[in-house]
Structures are given as C-alpha cells and as structure tokens.
Amino acid sequence: MSKGVAITGMGIISSIGNTVEENYQSLISKTPGISRIESIDTIHKNNIKVGEVKTSNQEFIQQLGLPQSNNYSRTALLAEISVLEAVENAGIKDMNSCKTGLISATSVAGMDKTEKYYYSLFEESQNRKYITAHPAGDATTKIANRLGITDFVTTISTACSSSANAIMLGARMIKAGKLDRVIVGGADCLSKFTINGFKTLMILSEDNCRPFDADRTGLNLGEAAAFLVLESDAQVKKCNKEILGYVSGYANANDAFHQTASSENGEGATLAMTKALKIANISANEIDYINAHGTATNNNDASESKAIRRVFGDTVPDLSSTKSYTGHTLAAAAVIEAVYSILALQNATVFPNLNFKTAIPETNITPVTEVLKKDLNHVLSNSFGFGGNCSTLIFSKA
Amino acid sequence: MKDCYINGIGCVSAQDSTVDSAIENYRVLTDRITHARKPNYRDYIKPAMIRRMSTGVKMGVVAASIAMKEAELENPDAIISGTGLGCSIDSDKFLKKIVDNNEQFLTPTAFIQSTHNTVGAQVALGLRCNAYNITYVHNALSFESAMLDAQLMISEGASNILFGGVDELGDYTTSLFDLIDHVKKGEVIENGILNSNTKGAIFSEGAQFFVLADNISDNSYAKFIDVAIYNVLPQNSIEEKLVQFLSVNNFEISDIDVVILGTNGDVNFDGIYSDLQESVFKSTQQICYKHLSGEYNTASGFGFWTACNILKNQLIPKNLMLNEIKNVPVKNILIYNQYRSENHSFTLLSSC
C-alpha cells in the first residue's frame with residue numbers, strides 16, 4: 001500500500017533562515033527569530049515582537065534578478081525565493097515534462113503595498129503598478145509565470161490554516177490522478193494591516209511568545225514562505241526521485257463556533273485530527289511527534305490542548321510549537337511547519353518549544369523543551385484559522 | 001469520474017434573481033458600477049445578524065440558503081467558496097482607519113470580518129456545519145477552483161457539496177481598479193456594453209451558490225461533466241486546449257449546442273471571444289451574460305447559473321443571444337470565461 005503522496009522538494013524562508021538548511025540550524029541550536037520590527041514604521045514597534053525576515057525587498061529584487069519596474073509585493077518576493085529553492089531541491093529541469101500544478105496560499109497578499117501607497121496612488125501614477133498586486137492571486141501568478149506553470153494554478157485563503165489546505169488539495173489532486181506533480185505552499189509578509197488587526201484583538205505579546213505555557217501572553221506575528229513539491233508514485237519511479245517524506249494524512253473540519261475564537265472543547269480541531277489519522281490509516285498512538293498550531297494565545301492553546309487530550313487521551317506524543325522560533329506566519333504557518341515536520345522525520349529530531357515554564361493546569365500538557373533525538377515515523381501538524389477553519393496534516397518517514 | 005448533478009441553485013446579483021429567474025425580464029446594465037439588488041434579507045438571516053454582516057456575507061448566505069432549500073439539503077458534506085477579492089468592504093474599512101487615524105482608535109470588528117474566508121465561515125456557523133470548509137481566492141478562477149474541488153469531493157465519496165462564488169464592491173478597492181482603467185470610463189451607452197467599443201468593464205457584485213450531488217433528483221438542473229482551469233494561455237492555444245478538454249470528456253465541438261461566453265465589453269480583450277466565435281464556435285449557438293450581471297471576479301458563477309436554468313427550462317432568453325443559430329433541445333453547454341486575457345476556464349454541463 002502506498003505510504004501517501006511523495007514529497008520530493010522543499011524550500012523555505014522565515015525569520016530563522018533564508019533556506020532549509022539555515023532553518024534547520026536555527027531549530028537545533030534553539031535560536032529564535034523573534035525581534036523588534038525594523039522594516040515597517042508602526043506606532044506599535046516598541047511594544048510588540050515579531051518574526052521578521054531581515055532581508056530587504058531591494059536585496060530580494062536583486063537576488064531574483066527582477067527589473068526595477070517590477071510590482072512585487074513582499075509576499076510575492078518571499079514566495080518566489082522559497083519556491084525556487086523547492087524546485088531546485090526537487091531537481092526539476094523541465095517544468096512541463098509532466099502535468100504540473102501550483103497551489104499557493106496567502107492572507108495578507110499585496111496589502112503591504114496598498115497600505116503604503118493608500119492615498120498617494122491617486123496623486124502619482126508611479127506606484128499604480130501595485131494595484132494589480134493587491135489581490136490574493138497575484139503572488140501565485142507571478143511565481144507560476146516564473147516557473148512556467150500555465151494551467152492548473154490556484155490560491156487558497158482560509159486565514160491561518162491556508163497553506164495546510166494547499167498541501168491537502170495538492171495531495172488530493174495527485175491521488176485523483178489529475179496532476180503528476182504539484183507545487184504547494186504559501187506566503188505572507190508582515191503588514192500594518194495584520195499587526196493592527198491582531199492588536200485590536202489584544203492577542204499580540206509584548207515579549208517572546210510562550211506556547212502552551214500557563215502564563216502565556218499572546219502571539220508574535222511573523223512573515224515567511226515555503227513550498228513543497230509533491231509527485232505521484234509513477235512520476236517518482238520514472239525519474240528515480242529521492243523522497244524526503246510523505247503526506248500521508250490530511251483533513252479539514254470547521255469548528256462552526258465563532259468567527260475568530262475556537263470552541264472550548266476544540267471540536268473542529270478534534271475532528272480534523274481524527275479524520276487525518278483515518279486518511280493516513282494509522283492510530284493515534286503511532287504519532288511520534290505533534291508540531292502543534294500553538295500560537296500562544298490563551299484561547300488557541302487551551303482549545304488545542306483540549307482537542308489533543310480528546311484524541312490522544314493520557315498518552316500525548318512529544319509535542320512542540322515552533323511558533324516560538326518564527327512567530328505566527330498566518331497563511332504560511334502550515335507549510336513552514338510542514339517543512340519542520342519533514343526535517344524532524346529526516347533527522348530523527350524533535351524541535352523544542354521555547355520559553356515554556358509551566359503547564360496549563362486544565363490539560364497538563366508539557367511540550368518538549370530541549371532538542372530531542374529519537375526515531376520518528378509519523379508527525380502530526382495542526383493549523384487553525386479564523387472562520388473556524390481547522391486543518392491537520394500527517395507526514396510520514398520516507 | 002463519478003456522475004454528479006446540480007440539484008439546487010441560488011443567485012444574488014444586480015438583477016432580481018432571488019425572486020425571478022426569468023432572465024428575459026432582466027435589464028441591461030448601463031452604469032459603470034452597479035450594486036446588487038438587495039433581496040429581502042429577513043427571509044434568510046436573523047435580524048440581529050443582518051446589521052453585522054457585510055454585503056458579501058449576506059449575499060453569500062442568501063444564495064447558499066436558496067440553493068440548499070431547492071436541493072432539500074440541511075447539512076452539506078463540504079462548503080466550498082470562491083472569491084476573487086474577498087471581503088473588500090470590511091477590509092477597506094479597516095485599512096482606511098489604520099491610515100486615517102495613524103493606527104489608533106481601531107476596533108476589531110472590521111478586521112475579524114475582513115478575511116477572505118468569512119462567507120464560508122458564516123455559512124458554516126449558520127448551519128452549525130463542521131464539514132470541510134475552504135475558500136479559493138485566485139482572481140477570476142476562484143469560482144471555478146471551488147467547482148473543481150466540489151467535483152473532486154464527489155469523486156472521493158461525498159454526496160452533497162455546497163459550492164459557489166461571491167464578490168462584493170468595496171468602494172476603495174473599486175476606486176483602485178477605476179484608477180487603472182479596469183472600470184469603463186464615462187457614460188456607458190444606452191444599449192449596454194456589448195457594442196461600447198471602449199476599454200474596461202462595468203463592475204458589479206453578486207453571489208451564486210450551487211448544490212453538487214452524487215444523485216439525480218426531480219429538481220436536478222443539470223448533469224455536471226467537468227471543469228478545467230488555465231492560469232495563462234497564449235491566445236493561439238485556446239482552441240487546442242478546448243479540443244483537448246472536450247476530448248478528455250469524450251466530446252467534440254459539434255456536441256456543444258450552446259456556448260456561454262464571458263464577453264464583457266472590453267475592447268482590449270473581447271477579441272479573444274470573437275476569434276473563437278468566428279472560428280471554432282461558428283456553428284454553435286452563442287450567448288453571453290455580463291451585460292446583465294456586470295463584471296466581478298466570480299461573475300462566471302452567474303454564467304453557470306444561467307446555464308443551469310437553460311438546461312432545466314430548455315429556454316434560451318433572447319436578451320442573451322449573440323447569433324442567430326438555434327439548437328433545440330439544448331443538450332450540452334460549454335462555458336468559456338477569461339478575464340483580461342488571464343484566468344481561462346472551460347466548464348461543461350449537460351441536460352439531465
């Protein structure tokens with residue numbers, strides 16, 4: 001029986017590194033990427049901390065060899081940097097040698113440019129090029145054109161679970177035989193829009209976030225992008241591809257409780273995890289590591305802990321939230337955590353949950369706080385978003 | 001692929017489409033920007049909720065409830081939405097406050113409702129539906145992406161899927177597209193857009209939702225055959241892709257009785273349609289609808305809704321016709337849409 005859908009390439013950029021290797025080194029050296037914000041002039045800069053990528057737009061433009069007349073949002077720049085790494089890693093020489101699709105995810109899209117030129121667009125024409133960069137589909141189209149993918153290209157936005165659904169759709173398309181190869185992922189940059197949005201919800205931490213801690217203080221926003229290359233068994237065989245891991249389980253359920261808050265008993269999350277285990281055809285006790293959603297907000301961590309207890313009972317697998325390294329990167333979160341899950345499988349390593357001291361009394365879950373070496377066969381990764389969107393992915397060893 | 005059917009349809013648009021599906025009575029839009037006709041929201045949504053919901057959410061909830069009522073469906077196996085621009089009104093509102101008040105005095109409501117998946121979330125909340133829920137946001141392929149996922153869901157064993165598209169007019173966002181001439185300038189001629197010979201489209205908004213089911217019912221509108229999306233296509237390969245799409249489904253051009261085109265009166269891009277009208281579709285009955293619906297990223301949902309009505313009623317409204325050819329009975333309909341030469345899609349439907 002097939003182990004799932006093969007992953008043959010990955011690329012990532014986050015506040016802990018501009019490549020897969022840099023991210024891995026930061027994870028095992030317990031080096032977070034949480035800092036004061038530098039690239040956005042927000043009035044909140046002294047009372048929030050963020051997971052900011054320190055490379056400037058101008059440096060990205062040069063690195064990507066884009067003309068100065070380009071109209072890339074930062075979301076598109078991050079996306080293109082990471083997708084090129086993924087494609088190279090998968091050793092793809094000819095994009096059209098088989099039926100290839102692209103599924104990306106975003107929530108912020110080109111808002112960084114729209115908020116910057118909000119009024120000046122009407123007075124001066126020079127920045128009007130960014131108007132068509134505003135919609136969510138723009139970054140996807142840019143990277144599709146860069147890669148030469150013309151047909152099946154789409155974009156998903158389910159808030160903070162967006163890229164989990166991109167991975168899930170990609171896996172389903174491969175399984176259904178509709179595509180031979182699909183590049184899946186997502187990107188979101190920091191923006192005043194999201195900083196202020198989460199600020200009004202009063203869930204931004206003034207300090208480094210503390211997932212699953214009883215005294216957690218809220219989340220750090222972050223920016224990131226990552227992509228995976230998924231290929232059909234036939235394609236893998238034909239090209240004799242090295243397999244990094246498998247997408248073996250996936251599920252999407254809705255909490256149907258509140259537009260932004262998670263239900264107390266974690267109904268949607270429980271359903272997502274249960275359904276994903278069923279798709280992977282494994283039982284809960286076969287999960288070796290949970291890369292949790294773990295945003296470090298009061299509501300999420302309480303609700304997710306409840307759901308994990310409901311699914312795993314007394315024996316919760318080793319668990320951590322790597323958002324303590326990267327911050328919450330919104331639509332990109334699920335795919336960067338997918339990369340971390342695959343790295344965990346490849347290196348037989350559980351990455352620690354930083355800044356944890358005391359377990360939440362009601363659920364008493366203690367995450368892994370030091371780098372832990374152990375054999376891993378199956379890793380479960382959660383991603384939840386506004387609108388009750390709950391998605392779970394399961395990755396399995398190659 | 002498993003057989004699947006459209007068992008319920010709902011449409012909110014610039015026309016009175018929630019109360020009257022006699023498309024023949026619809027007026028040709030003559031304004032540059034036309035808002036949707038407000039249905040009687042109280043018939044569908046709790047009064048306390050009406051005030052809080054933005055236009056897009058209300059339109060989406062209404063279209064979804066009409067479609068579900070027609071299909072006699074209470075709880076779908078999935079809720080799949082498409083929206084090119086998402087919840088522009090709340091997004092515009094929150095953004096304006098950030099800029100005007102220098103990030104101060106903000107309240108969360110507009111932000112909470114600004115995410116692209118708000119419509120799908122509110123439909124789920126209203127139904128207390130825990131099922132698969134997803135939102136596609138790929139410009140003019142958003143609706144077709146939702147349809148494609150719905151079809152995939154049925155092939156994976158689901159029975160009833162609620163899917164649809166919705167886009168609303170946000171003042172600021174629309175003003176941006178006006179600035180770069182995506183919206184037609186000046187007075188639109190009396191007869192509407194079809195012979196306007198000017199650049200840009202007339203903008204509008206709407207929501208179209210459908211129930212895709214694995215079983216045929218007394219109320220089935222159409223048999224859903226297939227959909228394909230192409231993000232970018234050189235103009236000279238459209239016909240080749242079309243023939244390929246049809247042949248995968250064991251169809252030939254001559255099997256198509258009616259083609260529904262996304263013609264929107266933009267002189268810079270309607271040539272893509274007219275080239276096909278004069279060549280591959282020369283002997284096919286041709287119709288269009290955007291002079292009645294206006295343009296929005298998910299306007300092809302209005303075209304799909306039109307196709308469902310035609311297949312069920314076997315009646316082609318005169319105000320849609322682009323040529324003299326009449327093919328009755330109408331067995332197979334092809335919908336072809338593109339926007340500004342990107343986001344091409346083919347959708348194939350048959351009568352039940």
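**Ground rules**

I worked from a predicted model, with local features needing pLDDT of at least 70, side-chain atom pairs counting only at pLDDT 80 or more, and totals for chains, interfaces and linings using all residues. Residues are numbered from 1 along each chain as its sequence is written, chains are lettered from A and ligands numbered from 1 in the order in which they are written, and side-chain values use heavy atoms, with hydrogens and water left out.

**Entry 1: chain B against chain A**

I began with the contact list, where contact means heavy atoms within 4.5 Å. I found 63 residues of chain B touching 65 residues of chain A. Next I looked up the buried area, which is the accessible area (1.4 Å probe) that two parts lose on being put together, summed over both. For chain B and chain A this comes to about 5,300 Å², with 62% from carbon and sulfur atoms. Glu103(B), Phe111(B) and Asn130(B) provide 13% of what chain B buries against chain A, more than any other three residues.

Then I turned to charges, taking a salt bridge as a side-chain nitrogen of Lys or Arg within 4 Å of a carboxyl oxygen of Asp or Glu. There are four salt bridges between chain B and chain A. One to click on pairs Lys241(B) with Asp151(A), at 2.9 Å from N to O.

I also looked up polar contacts: pairs of N or O atoms within 3.5 Å where, within protein, one must be able to donate a hydrogen and the other to accept it, and residues adjacent in sequence count only if both atoms are side-chain atoms. Between chain B and chain A I noted 27 residue pairs in polar contact (both at pLDDT 80 or more).

Which elements sit on the chain B side? Helices (H or I, at least four residues) and strands (E, at least two) are DSSP runs, numbered from the N terminus. Those of chain B that give two or more residues include helix H3 (88–100), helix H6 (142–155) and strand S6 (222–232). H3(B) gives the most, with eight residues.

For classes, Ala, Val, Leu, Ile, Met, Phe, Trp, Tyr, Cys and Pro count as nonpolar, Asp, Glu, Lys and Arg as charged, and the others, Gly among them, as polar. The chain B side that touches chain A has 32 nonpolar, 21 polar and 10 charged residues.

**Entry 2: the domains of chain A**

Domain bounds here come from an automatic or database domain assignment. Chain A splits into domain 1 (5–239) and domain 2 (248–396). Taken over C-alpha atoms, the two centres are 21 Å apart. Domain 1 of chain A brings 66 residues to the contact and domain 2 of chain A brings 64 residues. The two bury about 4,900 Å², and carbon and sulfur atoms give 69% of that. Leu27(A), Phe212(A) and Arg216(A) supply 18% of the area on the domain 1 side, more than any other three residues.

I counted two salt bridges between these domains. Glu370(A) and Lys30(A) meet in a salt bridge at 3.1 Å, N to O.

**Entry 3: the domains of chain B**

Chain B is assigned domain 1 (4–213) and domain 2 (223–350), with 21 Å between their C-alpha centres. The contact uses 55 residues from domain 1 of chain B and 46 residues from domain 2 of chain B. About 4,100 Å² is buried between them, 64% of it on carbon and sulfur atoms.

How many salt bridges cross this one? I found zero, alongside 22 residue pairs in polar contact. H6(B) gives the largest share of the domain 1 side, seven residues.

I stopped at a cis peptide bond joining Val328(B) and Pro329(B), with omega about -5°. Pro329(B) is in the loop between helix H11 (300–313) and strand S9 (332–339) of chain B.

Asn240(A) is not a glycine, yet has a positive phi of about 50°. Is Asn240(A) buried or exposed? Buried means under 20% relative accessible area, exposed over 50%, partly exposed in between (1.4 Å probe, protein chains only). Asn240(A) counts as exposed because its relative accessibility is 69%. Asn139(B) also has a positive phi, near 45°, but at 15% relative accessibility Asn139(B) counts as buried.
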